[in-house]
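Try each task before you read its solution.

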Amino acid sequence: MENQQKPTNKIALNYGLILGFAGILQGLVFYAMGKTYDNDWYKSVISIVIMAVIIFLGIKEYRKNNSGLLSLGQGIKTGLGIVLIGTVISVIYTLIFANFIEPGFIDNVVELQEKQFLENPNMTDEMIEKMSENTRKYFWHFTIGFIFIFSLFLGFIVSLISSLIMKKTDEEVSSI
């Protein structure tokens, strides 16, 4: 018996919105705590756990809505759709944050970067100035690119693992 797989669009949209708004909430909480510029490891761990839970729940809902069936491809597609929508929302928030909520954001990042460079005895003043200039000039290109690449890579890994855990096909059901 061949089951028709349902589209992932609605689930990806709903869970992508949840992921995006969870990222915004996390950013606002860290901003309120004065932790925006801190490179603490726990901030990354929290983000990864939130992403993993939301992707897992989205794939689980897809499987539930698809008569308990889930192919590896559909699971990955659902997970990446969730991540893509959540990442677009996070990037938009980051642009709004840096331009309106914290207008000195890039200058503060450059200042922190310069402090780190000054600790390196191999860095000359000219090198520090050139790197600061490049950071100001290309900040958004690198930041947005990095956010998308890292999020999609991590989302793929989480989607793959979640899909492997929850995978159930017609063949597996009919062989029981």
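**Exercise 1. Decide whether E133 is buried, partly exposed or exposed, then find its salt-bridge partner.**

Solution. Keep in mind that this is a predicted model.
- Step 1: E133 has a relative accessible area of 41%. Buried needs a value under 20% and exposed one over 50%, so E133 is partly exposed.
- Step 2: the partner is K130, and the closest N and O atoms of the two are 3.9 Å apart. That is within the 4 Å cut-off for a salt bridge.
- Step 3: K130 is also partly exposed, because its relative accessibility is 45%.
- Step 4: K130 and E133 are three residues apart in helix α5, which means that about one helical turn separates them.

**Exercise 2. Find out which elements the salt bridge between D107 and R136 links.**

Solution. 
- Step 1: look at the pair itself, where the closest N and O atoms are 3.3 Å apart.
- Step 2: place each residue. D107 is in helix α4 (residues 105-118) and R136 in helix α5, 29 residues apart, so the pair links distant parts of the chain.
- Step 3: check the surroundings. D107 is partly exposed at 41% relative accessibility, and R136 is partly exposed at 43%.
- Step 4: The structure holds four salt bridges, and another one of them joins the side chains of K35 and D38, at 3.7 Å from N to O. K35 is partly exposed at 25%, and D38 at 27%.

**Exercise 3. Work out whether T8 is buried or exposed, and which residues it touches.**

Solution. 
- Step 1: find T8 in the segment before α1.
- Step 2: its relative accessibility is 4%, so T8 counts as buried.
- Step 3: leave out residues up to four places away in sequence, and T8 touches Y62, Q74, K77 and T78.

**Exercise 4. Identify which residues of the largest nonpolar core touch the most other members.**

Solution. 
- Step 1: this core has 16 residues, and M51, I54, I55 and I82 touch the most other members.
- Step 2: the helices α1 (9-32), α2 (41-65), α3 (72-101) and α5 (125-166) each supply at least two of its residues.
- Step 3: zoom in on I82. Beyond its neighbours within four places in sequence, I82 is in contact with I11, A12, Y15, G16, L19, I54, I55 and G58.
- Step 4: another core, of seven residues, lies apart from this one and includes I24, F97, A98 and F105.

**Exercise 5. Describe the largest pocket: how much space does it hold, and which element gives the most to its lining?**

Solution. 
- Step 1: the pocket holds about 1600 Å³ of space.
- Step 2: it is lined by 41 residues, and the closest to its centre are K43, S47, T94, F146 and I147.
- Step 3: α1, α2, α3, α4 and α5 each give two or more residues to the lining, and α5 gives the most, with eleven.
- Step 4: sort the lining by kind, and you get 21 nonpolar, 17 polar and three charged residues.

Conventions
Residues numbered from 1 in each chain as written. Predicted model: local features only at pLDDT ≥ 70, side-chain atom pairs only at ≥ 80, totals over all residues. Heavy atoms only, no water. Core = buried A, V, L, I, M, F, W, Y, C linked by side-chain atoms within 4.5 Å. Buried < 20%, exposed > 50% of the residue type's maximum accessible area, 1.4 Å probe, protein only. Helix = DSSP H or I, 4+ residues; strand = E, 2+ residues; numbered from the N terminus. Contact = heavy atoms within 4.5 Å. 1 Å grid on protein atoms, 1.4 Å probe; cavity = no way out; pocket = protein on both sides within 12 Å on 5 of 7 lines; lining within 4 Å. Points joined across faces, edges and corners; volume = space filled by probe spheres on them. Nonpolar A, V, L, I, M, F, W, Y, C, P; charged D, E, K, R; others polar.
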